[in-house]
Amino acid sequence: MIEQQLAQALQERQQAGLMRQRRQLETAQGASISVDGETLLGFASNDYLGLANHSSVVAAFTQAAKHYGVGSGASHLVNGHSREHHLLEEEIAAFTGRDRALLFSTGYMANFGTIMALLGQGDLVVEDKLNHASLLDGGLACGAKFRRYLHNDVASLEKTLALPGQRKLVVTDGVFSMDGDIAPLKEVAQSCRKNNAWLMVDDAHGIGVLGATGAGSLQHFGLSQQDVPILMGTLGKAAGGFGAFIAGSDVLIETLTQFARPYIYTTATPPAVAAANRAALEIIQHDSTRREHLAQLIAMFRAGAASLGVQLMDSFTAIQPVLLGSAQRTLSVAGTLQKQGILVGAIRPPTVPNGSARLRITLTANHSAEHIEQLLMALDFALKLHPATDLDNQGTA
C-alpha cells in the first residue's frame, strides 16, 4: 500500500509538470559546460565569481589534500577540526567584521541548526514569506511560535513582532535565491532594535558579490555585528567551494558550538576544502575585477532585456529571474533555449509559489559580453515561440 501511494504521488507530480530530474555535469564549472553529453552555454550556476575552477583555488585544494588526505575523519569536536578549518574560521570572522565564525558542512545545516539551538517553546520566530526552505524548516521545527511576514514588508514585520515571545528572532535572506532582490536590511534592523528582537540574515547569495570587498549584503548596507547579530554565509556559491558558516559574537558562536546539533554530530568537511575556501576568500577580498565584470554583465543583460520587451524581476544581483507563471510554459521556454545551446534553470513549485514558475538565469564572471548577447537572442526567440496564455498570466498578475 505504501509503495502504491508513493507511486501515485509521483505520477501526480509528473502530470503537473513538476517532476525534478538530475543532469550529469561532465566538466568543471565554467561558461561552457558539458551536460549529459551536450555542450551548452550555462546560465544555471551559483559560481558567481568563477572561482570553482580557479587555478589558485584548485592548487590550494591539491596541496592540502596531499598533506591531510581526503577525509577529515571525525566531527569538529572529536578529532576532525584541522588547522585549515581553524584558520578559515578566523579569516571569515575578520572578513565579515565579526568576533568569531563557525563552520558548518552545508548552509541548510547552518540555518536549521542555529535556529534550533537558539529558540524553543515560549519564543517567537518571524520570517520573510520568501525565505529559503532551510530557514523555514528551522523555524517550524524549533518549537517556537512561527510566523511569516509579507515579503520585504517592514510594516507587516512590525505588526508580527508585536506578538508575545520570551526570545524574538527575525530571520531573512539577504539576497533572495529565487527572486534575486535584496531585503531592506537597514529598516529590518531598526525594527528589530525597537522590538528587542535578534536579527539573523542568510547571505548565501550576497557573500562575495555585494559590498566593497565582497563581504556581502551587510557591507552593502553598512550594517555591523550590533545591527545584525547572526550572519550566515555559504562557501559553495561565490566562493566556488563548499560549506557554510555562522558569524557573530563570542557568546553566539560558543552557544552554537555547544548546542547546534548539526554542527556537533556531523563529520567535518575535508581540510582540503577548507584550504580551497581560504584561497577563494583571498581572491574575493583582493581582486575586485571579477565583481566589477559581473556588475557590467548584469547591467548589460537587463538593458538588453528591456530593449527586447522581456520583463525581468526587480533584481540587480547575479540572479535574474524571468517570471512565466505556469510550469508548462517554463519547461517549454527552457527546452527551446536548450535547443539553442543555452542552459537555464526552470524553477517550478514547490520551490516557488503556485503560479510563479520562472526561468532562473544566473550570470557569472566567467561569462563575456558575447555570451550575454547570445543569451538575449535565444531568450527573445523562445519567449515569442511560447507566448503567454490566460493561464500563464494568472500566475504573473
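Biologist: Which residues of α7 are buried?

Modeller: S156, L157, T160 and L161 are the buried residues of α7. Buried means under 20% relative accessible area, exposed over 50%, and partly exposed in between, with a 1.4 Å probe and protein chains only. Helices are DSSP runs of H or I with at least four residues, strands are runs of E with at least two, and both are numbered from the N terminus. This is a predicted model: local features need pLDDT of at least 70, side-chain atom pairs count only at pLDDT 80 or more, and totals for chains, interfaces and linings use all residues. Residues are numbered from 1 along each chain as its sequence is written, and side-chain values use heavy atoms, with hydrogens and water left out.

Biologist: Why do buried residues of a helix line up?

Modeller: An α-helix has 3.6 residues a turn, so residues three or four places apart point the same way. Now the case here. The buried residues of α7 are S156, L157, T160 and L161. Down the axis of α7 they fall within an arc of 135°, so they line one face of the helix. The arc is that of the directions from the helix axis to the C-beta atoms.

Biologist: Which exposed residues sit on the face turned away from the buried side of α7?

Modeller: That face carries A155 and K159.

Biologist: What do the buried residues of α7 pack against?

Modeller: They pack against β4 (124-128), β5, β6 (168-173) and α8. Contact means heavy atoms within 4.5 Å.

Biologist: How do I describe two packed helices?

Modeller: Two packed helices are described by the angle between their axes and the distance between the axes. Axes are lines fitted to C-alpha atoms, for helices over the stretch in contact, and angles run from 0 to 180 degrees between N-to-C directions. The axes of α7 and α8 cross at roughly 20° and come within 10 Å. That makes α7 roughly parallel to α8. Angles under 35 degrees count as roughly parallel, over 145 as roughly antiparallel, 65 to 115 as roughly perpendicular and the rest as oblique.

Biologist: Is the crossing of α7 and α8 left-handed or right-handed?

Modeller: α7 passes α8 in a right-handed crossing. A crossing is left-handed if the near helix is turned anticlockwise from the far one by less than a right angle, and right-handed if clockwise. V154, L157, E158 and L161 of α7 meet E187, V188, S191 and K194 of α8.

Biologist: Next, α2. What span should its residues have?

Modeller: The expected span of a helix is 1.5 Å times one less than its number of residues. The 14 residues of α2 (residues 55-68) should span 20 Å, and the end C-alpha atoms are 20 Å apart, which agrees. V57, A60 and A64 of α2 are buried. They fall within an arc of 60° seen down the axis, so they line one face of α2. S55, Q63 and K66 are exposed on the other side. Just after α2, G69 takes a positive phi of about 85°.

Biologist: What covers the buried residues of α2?

Modeller: The cover includes α12 (271-286). α2 and α12 pack at about 150°, with their axes 7 Å apart. They are therefore roughly antiparallel to each other. Their crossing is right-handed. The contact includes V57, A60 and A64 of α2, and A272, A276 and I283 of α12.

Biologist: Which residues other than glycine have a positive phi?

Modeller: N152 is one, with phi near 55°. N152 lies in the loop between β5 (145-149) and α7 (154-161). N152 is partly exposed, at 24% relative accessible area. N196 also has a positive phi, of about 55°. The loop of N196 runs between α8 (185-194) and β7 (198-202). N196 is exposed, at 68%.

Biologist: Where is T317, and is T317 buried or exposed?

Modeller: T317 is in the loop between α13 (289-308) and β10 (319-325). T317 is buried, with a relative accessible area of 3%. T317 and G180 are 137 residues apart in sequence and 5.9 Å apart in space, C-alpha to C-alpha. Beyond neighbours within four places in sequence, T317 is in contact with V175, G180, I182 and I298.

Biologist: Which residues does a cis peptide bond join?

Modeller: P349 and P350, with omega about 10°. P350 is in the loop between β11 (342-347) and β12 (357-362).
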